[in-house]
Amino acid sequence: MPDAVWIAAAVGVVVGAALVVALVFARRLAMGARDLGSDAERATYRTLHVAGLAAAELRSAGDLPSTQRAARHLRGLLGASAIAIVAPDDVVAVDGSIGTTGFENAARRVAERVRATNRRQVFPRREAGAPEAVGAPIVVHGEVWGVLVAFADSVRAPLVRATGEVARWCSAQLALEELDASRAALAEAELRALRAQISPHFIYNALTAIASFISTDPPRARELVLEFADFTRYSFRRQGEFTTLAEELRSIHSYLELERARFGDRLTVRLRISPETLATVIPFLSVQPLVENAVRHGLEPGERGGVISIASSDEGTHTVITVEDDGAGMDPEVLRALLSGTEPTTHVGLRNVDTRLRQLYGARGGLVVETNQGAGSMVRMRVPKSQPLHETDA
């Protein structure tokens, strides 16, 4: 009997320990579930997550696969049996839990009626066994871009309202994509304006300087021709809106060599470049126009020439680049007017660079300029060191 008692006690201890472990594990599971939020909170998160996935596909919906993936995410939002997006040119993307056979033609018929009225419509089943449908227009800038069609065994009021709201949400995403495309086109137009600004004034002066050395110093003339070729090759390249600070500085070196041929000893250049900043990605032609502005509007008006200082420094998450001259300077009020675009100006490069920086990095990302008449100018730009969405040719 004593042995039986000991065995029973041991079994009781083991069972008790197992129960304690089970209770602790269950408690942790319950706490973990609470940490994830209530059912309503989890449902909200899932909805926002799916909406984010659909938005990414819609805003790149230039092809059928992207539109198809968008339809898959939107079906998850609406909980319909099938979803069709009828895009321009009657391109139909369908995603359904019961297959897609027959849905394309049905979606086109729905889209034709919805486009004609520009209103959300419900379509009862046409034959036994066929699903019902609701179609809502996707309107961008006042015009019907396409139609969102939801299929279900029975279309009820919640699905009708939800389809209309999702169609309006799709309209907003596509409008944002068009805005992004317009901003990209504007950036390209501004680059063309910068290139146009460089062309007439600088090229004439550079060729004149080269010509002056042909008979007196042929080796120097050959060096300047190569510098001119490097500068124009970089300035007029067509690939990419971004470059590195190192690449831009190479082009600036060529530019300043050509300007030294004109100014001679009257132009002094000082560089203070932190090596760790050379790989910083910057907008293409963002520093070079500042240097040209310093030469053209700061030093050129006077006979004595002057000093141009170019510096870069590492400030944690950002690289700070400054271009400074001790030339003519300008009235701060005039500067404010030219940067705001309220007054015509010959400082096209300065204004274009400021506009591009603000578009890329926000209102606080523009140029900071310190200047006054007769006191020279210092222009500062602050660029994020991490720009994963901005690629260079390198």
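Me: Which residue in S5 stands opposite Glu132?

Reply: Ala152 in S5 stands opposite Glu132. Before going on, note that this is a predicted model, where local features need pLDDT of at least 70 and side-chain atom pairs count only at pLDDT 80 or more, while totals for chains, interfaces and linings use all residues. Residues are numbered from 1 along each chain as its sequence is written, and side-chain values use heavy atoms, with hydrogens and water left out.

Me: How many bridges join strand S4 to strand S5?

Reply: Start with the general idea. Strands of a sheet pair through backbone hydrogen bonds, either parallel or antiparallel. Strands are DSSP runs (E, at least two residues), helices are DSSP runs too (H or I, at least four), and both are numbered from the N terminus. Two strands pair if DSSP finds at least two bridges between them. Here, nine bridges join S4 (residues 132–140) to S5 (residues 143–152), and the two run antiparallel. Ala136 is another residue to look at, as it stands opposite Leu148 in S5. S4 and S5 form a hairpin with two residues between them, and His141 in the turn has a positive phi of about 55°.

Me: What is the order of the five strands in the open sheet?

Reply: The order is S2-S1-S5-S4-S3, with antiparallel pairing. S2 (91–96) and S3 (121–123) are the edge strands, each pairing on one side only. From one strand to the next, the twist averages 20°. S1 is joined to S5 by five bridges, and Ala150 in S5 is the bridge partner of Ile83.

Me: Why is S5 described as largely enclosed by the rest of the structure?

Reply: Burial is judged by relative accessible area: buried means under 20%, exposed over 50%, and partly exposed in between (1.4 Å probe, protein chains only). S5 is largely enclosed because eight of its ten residues are buried.

Me: Which strands does helix H4 lie across?

Reply: Angles like these are taken between axes, which are lines fitted to C-alpha atoms, for helices over the stretch in contact (heavy atoms within 4.5 Å). The angles run from 0 to 180 degrees between N-to-C directions. Helix H4 (residues 103–117) lies across S1, S2, S3, S4 and S5, running at about 135° to S5. Helix H3 (residues 64–78) lies across S1 (82–87), S2 and S5, at about 40° to S2.

Me: Is Asp325 buried or exposed?

Reply: Asp325, found in strand S10, is buried, with a relative accessible area of 7%. A polar atom of the Asp325 side chain lies 2.8 Å from the backbone nitrogen of Gly327. Leaving aside neighbours within four places in sequence, Asp325 is in contact with residues including Ala294, Val307 and Ile308. The bridge partner of Asp325 in S12 is Ser377.

Me: How many residues of S12 are buried?

Reply: Six of the eight residues of S12 (residues 377–384) are buried, so the strand is mostly covered. S12 pairs with S10 in the antiparallel sense over eight bridges. Four bridges join S12 to S11 (residues 368–371), again antiparallel. S11 and S12 form a hairpin with five residues between them, and Gly374 in the turn has a positive phi of about 75°.

Note on methods: A polar contact is a pair of N or O atoms within 3.5 Å; within protein, one must be able to donate a hydrogen and the other to accept it, and residues adjacent in sequence count only if both atoms are side-chain atoms.
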